[in-house]
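I would like to begin with the whole and then turn to its parts.

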Amino acid sequence: MTSTVLSVGSNLGDRLTRLQSVLDGLGPAVRAVSPVYETAAWGFVDQGPFLNAVLLADDPALDGHGWLRRAQDLEAAAGRVRGQRWGPRTLDVDLITVHDGADEVTSRAEGLTLPHPLAHLRAFVLIPWLDVDPDATLTVAGRSQRVQRLLSEIDPAERAGVRRTDLVLDIRTEPAAG
């Protein structure tokens, strides 16, 4: 059984519907979803705030590359165009980690770096992740580290900028009707 931690975000259009499209697209593979957070965008482009969440999902048929293809297919279905780095997005689906059984998958293959090389620096990933897995760990620089500890190392102002909303994503037990 492979499992993954996915970080999802959107700052264009109906942001909540775009996040929900990931849950709908993954259907019963989703086993947990965090609360929805709003986070100011950063980077070099003036843009609106993101809605962010973290999902935990399982699928025995997928490996790391399979999860990457699923993520990219979900982005494409939401009209994602890969333009400017760190620019506005209809939908961003990032693989944070993939586990094959108890083992964390590592990859440095072209197009697939696992675990995500910047996740440990992103409060908008770590905060919602801890909501669904308080004991989460992430390998950083070859060492497994507790996500709670990694979060404590992020600037307090950045952590404060990740604000929980009252918005809710719905885990469905069957795929949504097309």
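The model is a predicted one, and its chain holds 5 helices and 11 strands. The radius of gyration is 15 Å, close to the 16 Å that the globule rule gives for 178 residues, so the chain is as compact as a globular protein of that length. Along the principal axes, the C-alpha trace spans about 45 × 40 × 30 Å. Of the 178 residues, 48% count as buried, while the accessible surface of the chain comes to about 9,000 Å², with 51% of that area belonging to carbon and sulfur atoms. When contacts between residues at least 6 apart in sequence are considered, 68% of them join residues at least 24 apart.

At its N-terminal end H2 is capped by Asp-63, a side-chain oxygen of which lies 3.1 Å from the backbone nitrogen of His-65. After the helix comes Gly-79, with a positive phi near 80°. The buried residues of H2 are Gly-64, Gly-66, Trp-67, Leu-68, Ala-71, Leu-74 and Glu-75. As a general point, an α-helix has 3.6 residues a turn, so residues three or four places apart point the same way. What do the buried residues of H2 pack against? Their partners are strand S1 (2-10), helix H1 (15-26), strand S4 (50-59), strand S5 (92-100) and strand S8 (112-114).

Helix H3, covering residues 123-132, is mostly covered, with 9 of its 10 residues buried. Among these buried residues of H3 are Phe-124, Ile-127, Pro-128 and Trp-129.

Charged side chains also join parts of the chain, and a search of the whole structure finds 7 salt bridges. In one of them, Arg-15 pairs with Glu-38, the closest N and O atoms being 2.9 Å apart. That pair links distant parts of the chain, since Arg-15 is in helix H1 and Glu-38 is in strand S3 (residues 37-39), 23 residues apart. Arg-15 and Glu-38 are also linked with Arg-163 in a network of salt bridges. Another salt bridge is formed by Asp-58 and Arg-31, whose closest N and O atoms are 2.9 Å apart. Asp-58 lies in strand S4 and Arg-31 in strand S2 (residues 30-33), so this pair ties together parts that are 27 residues apart in sequence. Asp-58 counts as partly exposed because its relative accessibility is 23%, and Arg-31 counts as partly exposed at 47%. A further salt bridge joins Arg-149 to Glu-153, with the closest N and O atoms 3.1 Å apart; here Arg-149 is partly exposed, having a relative accessible area of 41%.

Two details of the backbone remain. Most residues other than glycine have a negative phi, and most peptide bonds are trans. The peptide bond from Leu-114 to Pro-115, however, is cis, with omega near -10°, and Pro-115 is found in the loop between S8 and H3. Ala-141, a residue other than glycine, has a positive phi near 55°. Its place is in the loop between strand S9 (137-140) and strand S10 (143-146), and at 79% relative accessibility Ala-141 counts as exposed.

Conventions: Residues are numbered from 1 along each chain as its sequence is written. This is a predicted model: local features need pLDDT of at least 70, side-chain atom pairs count only at pLDDT 80 or more; totals for chains, interfaces and linings use all residues. Side-chain values use heavy atoms; hydrogens and water are left out. Buried means under 20% relative accessible area, exposed over 50%, partly exposed in between (1.4 Å probe, protein chains only). Helices (H or I, at least four residues) and strands (E, at least two) are DSSP runs, numbered from the N terminus. Contact means heavy atoms within 4.5 Å. A polar contact is a pair of N or O atoms within 3.5 Å; within protein, one must be able to donate a hydrogen and the other to accept it, and residues adjacent in sequence count only if both atoms are side-chain atoms. A salt bridge is a side-chain nitrogen of Lys or Arg within 4 Å of a carboxyl oxygen of Asp or Glu. The radius of gyration is taken over C-alpha atoms; the globule rule is 2.2 Å times the number of residues to the power 0.38. Accessible areas come from the Shrake-Rupley method with a 1.4 Å probe; for residues, only the protein chains shown count as cover.
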